[in-house]
Amino acid sequence: MSATAGQAQGERGLAERLGLKPGQVVQEIGWDEDSDDELRESIEDLTGSELVDEDYDDVVDVVLLWWRDGDGDLFDVLTGAQTGLADGGQIWLLTPKAGRDGHVEPSDIGEDATTAGLSQTSSISAAADWSGTRLATPKTRR
């Protein structure tokens, strides 16, 4: 395998760890200069389309939410992020890892997510400096 092929597979693997699939629409909220470009590019490569921004007004499959301590009220942002989320959609909350500037305590994430009607389903190392927490809307009862 060439170095380029290995690199491409590694980049694609970042998006695959998030459970993303080709054709999904991913909305990005909270981008800033510290956001991980390698992860962003891997998502675009895997899904086959560019990330859409906060102003996108159609339904999305996944919300990619970059969040740092001090960014404001996480509950409000999580509630707003659900507005355009497709049934069965998910939010990936990306926060700086422990020891990094802007780190958010897991207990704060859990409290705000639960209050916003979301459940934490998994946590991963999403990128070199970022942890990812998968948040899902509860399945509706029939």
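A residue is called buried here when its relative accessible area is under 20%, exposed when that value is over 50%, and partly exposed in between (1.4 Å probe, protein chains only). R68, at 10% relative accessibility, therefore counts as buried.

The model is a predicted one, so to speak of local features a pLDDT of at least 70 is needed, side-chain atom pairs count only at pLDDT 80 or more, and totals for chains, interfaces and linings use all residues. Residues are numbered from 1 along each chain as its sequence is written, and side-chain values use heavy atoms, with hydrogens and water left out.

Charged pairs come up next. Side chains of opposite charge can pair when their charged atoms come close. The term salt bridge is used for a side-chain nitrogen of Lys or Arg within 4 Å of a carboxyl oxygen of Asp or Glu. Counted this way, the structure has five salt bridges. One of them joins the side chains of R40 and E28, at 2.6 Å from N to O. R40 sits in helix α2 (residues 37-47) and E28 in strand β1 (residues 26-29), so this pair ties together parts that are twelve residues apart in sequence. Helices (H or I, at least four residues) and strands (E, at least two) are DSSP runs, numbered from the N terminus. R40 is buried at 18% relative accessibility, and E28 is buried too, with a relative accessible area of 8%.

Back to R68, whose side chain meets that of D34 in a salt bridge, 2.9 Å from N to O. D34 belongs to the loop between β1 and α2, and R68 to the loop between β2 (60-66) and α3 (74-81), so the pair ties together parts 34 residues apart in sequence. While R68 is buried, D34 is partly exposed, with a relative accessible area of 39%. R68 also forms a salt bridge with D71, at 3.1 Å from N to O. D71 is partly exposed as well, at 35%. Elsewhere, salt bridges that share partners join E28, D37 and R40 into one network.

Then there are the rings. Rings of Phe, Tyr and Trp (its six-membered ring) pair if their centres lie within 6.5 Å; planes under 30 degrees apart count as stacked, over 60 as edge-to-face and the rest as tilted. Searching the whole structure turns up one aromatic pair. W66 and W130 make up this edge-to-face pair, with 4.8 Å centre to centre and 80° between the planes. The pair links distant parts of the chain, since W66 is in strand β2 and W130 in strand β5 (residues 130-136), 64 residues apart. Both W66 and W130 are buried.
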